[in-house]
Amino acid sequence: MSLLHVWQRLYRQASRSPLQPLDHPLLERHRISLSIKRDDLLHPHISGNKWRKLKYILRQALTEQAPGLLSFGGAYSNHLHALAAAGKQLGLPTVGLVRGEPHSVANPTLSDARRWGMTLEFVERAEYRRRQDPDWLAALADRHPGYRLIPEGGSEPLALPGVAELWRELPAADELILPLASGGTLAGLLSARPPGVRLTGYAVLKGHGWLAATVQQLYPPAARDDGWRLQLDHHGGGYAKCPGDDRERITRLASALAVPLEPVYSGKAMLGLFRDIEAGMYPAGSRLIFLHTGGLQGARGGL
Ligand SMILES: *Cc1c(COP(=O)(O)O)cnc(C)c1O
């Protein structure tokens, strides 16, 4: 069977993720209807938005017969984890550049990636910062000739069409809420936003000033679209940081809603959303959908 058939099967086998209505006293009090799109259930290993973002990048790598895939990430990276799993399924070698020292970053994410055949190269923080520097990238390409280079988080223009397909699976709504880091998921959704549905991205990192620009870089028409906004006040101190009290609130929220949440993306964004509902930011009668972008694997290491 050709690799493209394996790709087709990979993207056919993952059934549409369910949409689940949520109950909570706060929602009732503010007369908000909230459902959650469970993209965490899309695929057992290639979770959530990474499954969608990688879709056409993988197809391109296969049609261009790239000898392998190469990308970057932190030690708990959902993107590297998903890429390793996808590479294994497609029979494509993968290389992951991991920020940090090997001894300081042994965890279940990286063990899975290794088990699925990903070659891990550890990069010190100072050097990792050069990952967009053309000279550094050229040297990297020399070491891995022909490999398809994928940016951190899988966010590049070719990630957008796979994400845009999500709209076909959603009912009518007033607003779609999602966690936001590198902006690729929001950009993909914006690229096919039905009129009348507003998008709100809850930033999970400190990104005043440049986050909106990142979205616009990935999808330039975003500059002329007033149907999206970023919530920048709920980052909890920065990427992967989560104060102890918030961690507890996320655990309680997950159990009240009967939905698994982790503190880096889905939990942080959901907590931010609940705070904003409480603050009256969403008018009574609003029909909201929260996109669960997956990433539960990252919380196994005791984040
Ligand atoms: C990568 C990731 C995000 C961030 O998506 P961006 O497209 O980078 O904004 C959100 N949630 C989860 C679970 C992720 O793994």
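Visitor: What should I know before we start?

Guide: This is a predicted model, where local features need pLDDT of at least 70 and side-chain atom pairs count only at pLDDT 80 or more, while totals for chains, interfaces and linings use all residues. Residues are numbered from 1 along each chain as its sequence is written, and side-chain values use heavy atoms, with hydrogens and water left out.

Visitor: What makes Gln231 count as buried?

Guide: Buried means under 20% relative accessible area, exposed over 50%, and partly exposed in between (1.4 Å probe, protein chains only). Gln231 has a relative accessible area of 12%, so Gln231 is buried.

Visitor: Which residues is Gln231 in contact with, leaving aside neighbours within four places in sequence?

Guide: Contact means heavy atoms within 4.5 Å. By that rule, the partners of Gln231 include Thr200, Tyr202, Asp276 and Met281.

Visitor: How do you know that the radius of gyration agrees with a compact globule?

Guide: The radius is taken over C-alpha atoms, and the globule rule is 2.2 Å times the number of residues to the power 0.38. For 303 residues the rule gives a value near 19 Å, and the protein has 19 Å, so the two agree.

Visitor: Why is the pairing of Arg52 and Glu169 called a salt bridge?

Guide: A salt bridge is a side-chain nitrogen of Lys or Arg within 4 Å of a carboxyl oxygen of Asp or Glu. For Arg52 and Glu169 the N to O distance is 3.1 Å. Arg52 lies in helix 3 and Glu169 in the loop between helix 8 and strand 7, so the pair ties together parts that are 117 residues apart in sequence. Helices (H or I, at least four residues) and strands (E, at least two) are DSSP runs, numbered from the N terminus.

Visitor: Are Arg52 and Glu169 buried or exposed?

Guide: Arg52 is buried, because its relative accessible area is 3%. Glu169 also counts as buried, at 19%. Both belong to a network of salt bridges that links Lys37, Asp39, Arg52 and Glu169.

Visitor: What ties Arg300 to Asp112?

Guide: Their side chains meet in a salt bridge, at 2.9 Å from N to O. Arg300 lies in the segment after strand 10 and Asp112 in helix 5, so this pair joins parts that are 188 residues apart in sequence. Arg300 has a relative accessible area of 43% and is therefore partly exposed, whereas Asp112, with 8%, is buried.
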